[in-house]
Amino acid sequence: MSETLIDIHMQVMWNRLISVVEEQAQTLIRTAFSTSVREAGDLSAGIFDLEGRMLAQAVTGTPGHVNAMAESVAHFINDIGPENIFEGDVYITNDPWKGTGHLHDITVVTPSFHHGKLVGYFASTAHVVDVGGRGFGPDAREVYEEGLFIPIMKFFDRGEVNRTLLHIVRNNVRESDKVVGDFYALAACNETGHRRLVDMLTEFNLEDLGTIGAFILKHSREATLERLRNLPHGSWSYSLDLDGYDEPVHLAAKLTISPDGVLVDFDGTSGMSKFGINVPLVYAKAYACYGIKCVVAPEIPNNAASLAPLEVAAPEGCILNAKRPAPVAVRHVLGHFVPDLVLGALHQALPGKVPAEGASALWNLHMSVRPVSDEIGGKGAEILMFNSGGTGARPSLDGLNATAFPSGVHTMPIEATENVGPIIVWRKELREGSGGAGEQRGGLGQIIEISAAEGYAFRFSAMFDRLGHPARGRDGGRDGAAGSVSLDDSTTLKGKGLQFVPEGRKLVLQLPGGGGYGTPAQRPAAAIDDDIANGYITKDQAAADYGRKK
């Protein structure tokens, strides 16, 4: 067979492998109990070789999960020990430093055997609704307060479920059926991947993943290095100031590009916080690599080899390299700003390629809803709702409204959220005028109003940012609107921490908008007319921002 035909044959198998892991992810979505998984897609799935190197990931999923999980499988192999890996095993952890950054993410790894021989591993991660402790929020002072810590261990041992583990979990979480149900959903999705892999190996008459794995890793690395050789080489720096918890946080990055790789150094970043906004390095690295790949090599498949030339360094103990037992529950807030940080440096090397800053961090809302008296007869509920502000304007396009970048999760439908507990979403609409002015306008945030149903009240953990530090515009574009948190009687609430919404009151969230790109005076008149007609800006804003006559 000619070399060209061999390459075509390999590419067909590579595509098939991607379809295998995509079906793996879809199984998780179909079987998950948590709305964050089945409605928002807060998950990851992938296949790994015998050394724990990721060969393929599902398109469905978040970069933070996927790129962090890319490092976690090797920890599973080392901690379980090769001599203890058997057919029918399933392994589990939520270790923030060996998994994906905080206790709410459960990572499950399943060894895959073919004809009695170990050929690889399937791994998946999902965010569960509760892990006990203080609940999902930034108020803890140590990881021990944040919930149940499951070290790398066996969930199934040669087909036998670990009932002791499940008994411990059921007695330490608030929503035991949902959490344990998600454990089984994660195991089921890996099993689906395994079965489809066996079908593929049988169809192509392969004994293992060695040949196709070597092809994937070789070509992915070569393609990535080729892109790097064609980039400007040198070093560029950028920084961000953000709200933090009780004091502002400074993030700094130095980006160095060479023909052999990219190094992101977070030297100069603030030290660790006393509260749970700290970020394990594995999660900061996951989003740093994602930010680079978005611009440098977006179409090259994401795997161990395409990630290998991208390196991250950080001073030990800085807020982007938190060490155990630091609290890390809402590591996503600062972690979601790492792409903005990296892209700001990359913009200096590649002008005209990088968007303006966006809202970036998800405005996750975790509500604990309870009846106000025993006479109600109802029971409480833990409800997690994902919400997104606007993305930054792009060099040739407006920013996206109410879109989760960089996390990529979906917004949960109101109907799905209201179905899992006694709350009412009274308002959820685009926030007029929140996108930064520019030749390209920043994406709009949202306004959301929520109350508990009659007879109920709720407390919520705020984990929001950009209240005091709005998204900055780029190349003359103006800043997006800052966010705000309040009650409907105008009582101002904090952007982070546990707070209370009494019966009869509404929580009002105004999500931040993205920054604009380019000088507002260059925006076409037709685009301004469309913005007014669509309710994106008012006539007064058109006059103030674009010099438009009223």
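**Salt bridges and buried spots**

Guide: Let's begin with a network of salt bridges that links Asp89, Lys154, Asp157 and Arg158. A salt bridge here is a side-chain nitrogen of Lys or Arg within 4 Å of a carboxyl oxygen of Asp or Glu.

Visitor: Before we go on, what should I know about the model and the numbering?
Guide: It's a predicted model, where local features need pLDDT of at least 70 and side-chain atom pairs count only at pLDDT 80 or more, while totals for chains, interfaces and linings use all residues. Residues are numbered from 1 along each chain as its sequence is written, and side-chain values use heavy atoms, with hydrogens and water left out.

Visitor: OK. How many salt bridges does the structure hold?
Guide: There are 34 salt bridges. One of them joins the side chains of Glu23 and Arg196, at 3.0 Å from N to O. Glu23 sits in helix α1 and Arg196 in helix α5 (residues 176-203), so this pair ties together parts 173 residues apart in sequence. By the way, helices (H or I, at least four residues) and strands (E, at least two) are DSSP runs, numbered from the N terminus.

Visitor: How accessible are Glu23 and Arg196?
Guide: Glu23 is partly exposed at 29% relative accessibility, and Arg196 is partly exposed too, at 31%. The cut-offs: buried is under 20% relative accessible area, exposed is over 50%, and partly exposed is in between, with a 1.4 Å probe and protein chains only.

Visitor: Which residue does Lys285 meet in a salt bridge?
Guide: Lys285 meets Glu71, again side chain to side chain, at 3.0 Å from N to O. That pair links distant parts of the chain, with Lys285 in helix α7 (residues 281-296) and Glu71 in helix α3 (residues 63-80), 214 residues apart. Lys285 has a relative accessible area of 25%, so it is partly exposed. Glu71 counts as partly exposed at 33%.

Visitor: And what does Asp79 pair with?
Guide: Asp79 forms a salt bridge with Lys98, and their closest N and O atoms are 2.8 Å apart. Asp79 is in helix α3, while Lys98 is in the loop between β3 (90-93) and β4 (105-114), 19 residues apart. With a relative accessible area of 39%, Asp79 is partly exposed, and Lys98 is partly exposed at 27%.

Visitor: Let's switch to Pro63. Buried or exposed?
Guide: Pro63 is buried, with a relative accessible area of 9%. Its place is in helix α3. Leaving aside neighbours within four places in sequence, Pro63 is in contact with Ala68, Ala286, Tyr287, Tyr290, Pro406 and Ser407. Contact means heavy atoms within 4.5 Å.

Visitor: How far apart in space are Pro63 and Asp42?
Guide: They are 9.9 Å apart, C-alpha to C-alpha, and 21 residues apart in sequence.

Visitor: What about Ser34, where is that?
Guide: Ser34 lies in the loop between α1 and α2 (35-38). Ser34 is buried, with a relative accessible area of 2%. Not counting residues up to four places away in sequence, Ser34 touches His127, Val128, Val129 and Asp182.

Visitor: Now Gln499. Which strand is Gln499 found in?
Guide: Gln499 is in strand β18 (residues 496-501), and at 10% relative accessibility Gln499 counts as buried.

Visitor: Which backbone atoms does the side chain of Gln499 reach?
Guide: The Gln499 side chain reaches the backbone nitrogen of Lys494 at 2.7 Å and the backbone oxygen of Gly497 at 3.2 Å. Setting aside neighbours within four places in sequence, the contacts of Gln499 include Phe458, Arg459, Phe460 and Ala462.

Visitor: Changing topic: which residues of helix α12 are buried?
Guide: In α12 (residues 525-533), the buried residues are Ala527, Ile528 and Asp531. They cover an arc of only 100 degrees around the axis, which puts them on the same side of α12. That arc is taken over the directions from the helix axis to the C-beta atoms.

Visitor: What covers the buried residues of α12?
Guide: The cover includes α13 (539-546). The face turned away from the buried side carries the exposed residues Ala526 and Ala533.

Visitor: And what follows α12?
Guide: Gly535 does, with a positive phi near 80 degrees.

Notes: Polar contact = N/O pair within 3.5 Å; in protein donor to acceptor, adjacent residues only side chain to side chain.
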